[in-house]
Amino acid sequence: MKAKVFITLKPGLLDAQGKTIKGALDALGFRGVRDVRIGKYIEIDLTGGRASRQAVERMCRKLLANPVIEQYRIELVRS
Amino acid sequence: MKVGVVIFPGSNCDADCLYVLKDVLGQDAVSLWHQDTALRGCDAIVLPGGFSYGDYLRTGAVARLSPIMGAVRRFASGGGLVLGICNGFQILLESGLLPGAILRNTGLRFICRFVTLRVERTDTPFTNRFKPGQVIRMPIAHNEGRYTAEAKTIRQIQPQVAFRYCGPDGQVGDAFNPNGSVEAIAGLTNAAGNVLGLMPHPERSSEAALGSEDGRLIFESMIESLAHA
Amino acid sequence: MPDLLAPTQRKFGVRSSEFGGRKRSKRSTPHSALRIPHSTESPELLRRVAKSHNLTDETYARIVKVLGRQPTITEVGIFGVEWSEHCSYCSSKVYLKTFPTKGRQVLVPAGKENAGVVDLGEGQAVAFKIESHNHPSAVEPVQGAATGVGGIIRDIFTMGARPIALLDALRFGPPQDRRSRFLLEGVVKGIADYGNAVGVPTVGGDIAFDQTYRDNPLVNVMCIGLLASRTIARAAARGVGNPVLYVGSSTGRDGLGGASFASRELSEGSDADRPAVQIGDPFAEKCLIEATLEALATGEVIGIQDMGAAGLTCSTSEMAARGGLGIEIDVLRVPRREAGMTPYDIMLSESQERMLLIVKRDAVTRITRLFARWRLQAVQIGRVTGDGRLRVREGEQVVADIPVGALTDGAPMYQRPVRRPSYLAKVQHLPLARVPQPKDLGGVLRRLIASPTIANKSPVFEQYDHMVQTSTVVLPGRADAAVLRLKGAARWLAATTDGSGRFCYLDPYVGGQLAVAEAARNLVCVGARPLAITDCLNFGNPEDPHIMWQFKECVRGIGEACRAFETPVTGGNVSFYNEHPGGAINPTPVIGMIGVIEGESGPVTASFKDEGDAIVVLGQTREELGGSEYLAVIHGRKQGVPPRADLRAERVLQQLMVQAARAGWLKSAHDCSEGGLAVALAESCIMDPDRARGAAVIGSRIPLAAARVRPDALLFGESAGRIVLSCARFYLEPLLELANRVGVPAAELGRVGGPRLTITPWIEEPVETLSEAWRSGLS
């Protein structure tokens, strides 16, 4: 089982990298880009067959994401 | 004053802090290893700058899990003096010893240069040697120094702000804010005032040979407050 | 082929079951006891691999002869990297041998260890070296530059020295060009990401821009380390049976064949080479620095070497060769990051942050524990042998067995053909009469100081942590050289990098001399006595006789200057094949020079200090515009002969400066280089951002070599051997007197002060205007 964790800055916080990339996309002539947010993607290879979403949730809260500035989303997939 | 300087894997300002404490200020200073669980009778703890654990994941996120941080937390809750500089500040934020968090500089670049700071509080154990509103010079050196917190927190912590980035005459404004920190916050204490975290480097501005002696007043303030404790 | 295999069999020390302290399987049947490298690969495959390493048929035949049999694929790889230009210096060695390498101050001469070591006195010494990472940076600027920094730092701390400073010599195409900008930003980010994290301050260096470097930027990184002169670590194997330890990060397929990658020209297809670039981990390196210095301090490490280009191959064979011994390793014991790696992959991998240690026999556990404390693995992978062979096993199977002498000294040496290039006659001819003299010389000055090569570099160096370790007493951009204090000593260390590709393009011999002369001048401007140099020689394809001629001439010039200044060459690096589809780059030697400041007065910076101070120029101005920045920027000409290099006069000037600085007479000193006297004066006015100063000087007082020198040459020409300085009026007389006594032309030009820089009768510019132009040039 694999857990895919997507971490992004909370909405409303200035994402300086995202802003820069949006600027670059605009400059390249790509229309219709409203906003760009940059985040982290973490892949966790779990030993147990039945992955516990709660365990990954705890990982996120305790280490992977900083609740002051970040939010996260978890996807579980069979490897 | 006996000061413990904590070395995490990736710390790189530990030797500089020890040099100022021992050679410049003549204090008793020891290095503490991140895996230690005791503070060896230190009167104050310094979490130095650097890139603990490579700053991978988030700055300070892994270092705060070190065994020594449990001892530092207990020490702080008992009123002990804890100073976090740069990466040390980031570790304090990640540990929850100080409110808020650090983001990447708005300019997306590492910045190493002298900045001017306005001293906001002189009634803390770290700032008692400054004059109120004093404008001082200290260098910054960071890629991630943009302080942030939720709006509610920002309102609450106003009395805890110790230093703000400012212009040569003490004026605060975007032009003088090197990294985009909320309300130009460069350093703040906890509510009790015994934990200070700041992005600028006092250990790099404690000798005339390095262009400023303003940072030394932070260490001297600590010595003074401990002498009267 | 039993007859061919027999000698190998005989020399194989059978007691290999001992190593690692662990019992190995007992399959010692007569058949497996042979354990000879048995090449099962088809001859076509071997040829193809040989070809991918740029081994010619002739060289391949030589390998077969050395071994007395067909090589294994691993052996082809090992020979391929060891005999590559990058590792064996096969084209350059005949010339490098002519460099002066001896001197009282030299503790470890060139080529003997990972880096040269120079005595600072009072028991202190410095290890320093410069190295190029041009090709990797052209393909992937961030990682290319970062791993360049990591590699040179490892060369320094493997000497037992704590790395205390980095300097970068960078060359790019014009920054207005998108690709050049991309490379510039990437390289600077790579240096910053790595150098800042490992906690070694980047304190100086130089940056220049020229179209010639557009597709082939130069990234030369110099590292300086401080050590006690009694505790220099060695990179030689000693003691048969001593354990060989692998330390640091695991081995992956990074940069496979990187050393041979660096020995090929960049072609249009180079972007496809991307995977050949390694990824750096500054965190691992920081831990490696601390752990290694701790390990060396125990006295239980006998030999140590970084795994640089061609990783395990070079470190094992070179350490064995230096000790006149052999090394045997088992690749199965090498920590690996990926599954399915072959011995070939493992021996050639360029994964970063790895070292090879030879330790005392009973020290393995203690050393392993010491590294574990820093979360680093240290694994015994083999032992020192007495048979002078590099033997590589994969478990029981011997996959390579090569006499180390053949690898390190047996590489083919070339006396490649040389021919004076025909372009020289054309470009050296500069019809000055046809170069119009601008009317608005103030405007020329404004344009020149805003040109990228001259403009303020703080947008770059502010991205580097240049203050960590709290010894940087002169901040970057404030003086002609970086200056570090030596804590606890009343001495300072100064360092600089210099080298003009344009001068060398126009005359590589004079260009080589001038590179050394300017480096020395930069050092004496901060008051330092030059001690020694390290050099990085960046040239095109050595198989081209014109390029080889440039190389030969340039080396001759550098060598002569080093002899004249008594600054021996302690090591360095040659980078060939710096080419792009349009041809070779300007031949560009980069000289990294170190010096020491002694006495009470301390370092001198370049900015004017106080109103009323006297401004003095030392040295003579000639009508020399050849190769100048002025000619390139204002007139678009890369022409003429470079300024004359008078090595004897330079030497006297150096001695005068050191004496004057030590006496405390100097308030500021700044060398006249790109942009000439006018730019030197302007920079002295504006270099201190907190305290700009005006100056008023009188042009007719400038000492000239001829009765008449045209004003643009006088202001912007780049005659060598000139320094602009300022001093309190009180010291003016003794200074001029001393100059007169030693025979250095000197004149008081005017005074510091006012809101303008005035050079009567040609220039009158508000200092603020100049400052703005200078500060905006690169941002």
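**Figure 1. Secondary structure and overall dimensions of chain C in the predicted model.** Chain C holds 28 helices and 28 strands, taken as DSSP runs numbered from the N terminus (helices H or I, at least four residues; strands E, at least two). Its radius of gyration is 27 Å, close to the 28 Å that the globule rule gives for 779 residues, so chain C is as compact as a globular protein of that length. The radius is taken over C-alpha atoms, and the rule is 2.2 Å times the number of residues to the power 0.38. The C-alpha trace spans about 95 × 55 × 40 Å along its principal axes. This is a predicted model, in which local features need pLDDT of at least 70 and side-chain atom pairs count only at pLDDT 80 or more, while totals for chains, interfaces and linings use all residues. Residues are numbered from 1 along each chain as its sequence is written, chains are lettered from A in the order in which they are written, and side-chain values use heavy atoms, with hydrogens and water left out.

**Figure 2. Helix α10 of chain C.** Residues 178-198 form this helix of 21 residues. From first C-alpha to last, α10(C) reaches 30 Å, close to the expected 30 Å (1.5 Å times one less than the number of residues). C:Gly199 follows the helix with a positive phi, near 75 degrees.

**Figure 3. The contact between chain B and chain C.** Chain B gives 27 residues and chain C 29 residues, contact meaning heavy atoms within 4.5 Å. About 2,400 Å² is buried, 60% of it from carbon and sulfur atoms; buried area is the accessible area (1.4 Å probe) that two parts lose on being put together, summed over both. There are three salt bridges (a side-chain nitrogen of Lys or Arg within 4 Å of a carboxyl oxygen of Asp or Glu). One of them joins B:Arg113 to C:Glu462, with the closest N and O atoms 3.8 Å apart. On the side of chain B that touches chain C, α1 (14-24), β6 (111-119) and β7 (135-142) each supply at least two residues. The largest share, four residues, belongs to β6(B).

**Figure 4. The contact between chain B and chain A.** Each chain contributes 17 residues, and about 1,300 Å² is buried, 62% of it on carbon and sulfur atoms. B:Leu57, B:Arg58 and B:Leu108 supply 37% of the area that chain B buries here, more than any other three residues. Two salt bridges cross this interface, including A:Lys10 with B:Glu150 at 3.5 Å, N to O. Strand β5(B) gives the most to this side of chain B, with three residues.
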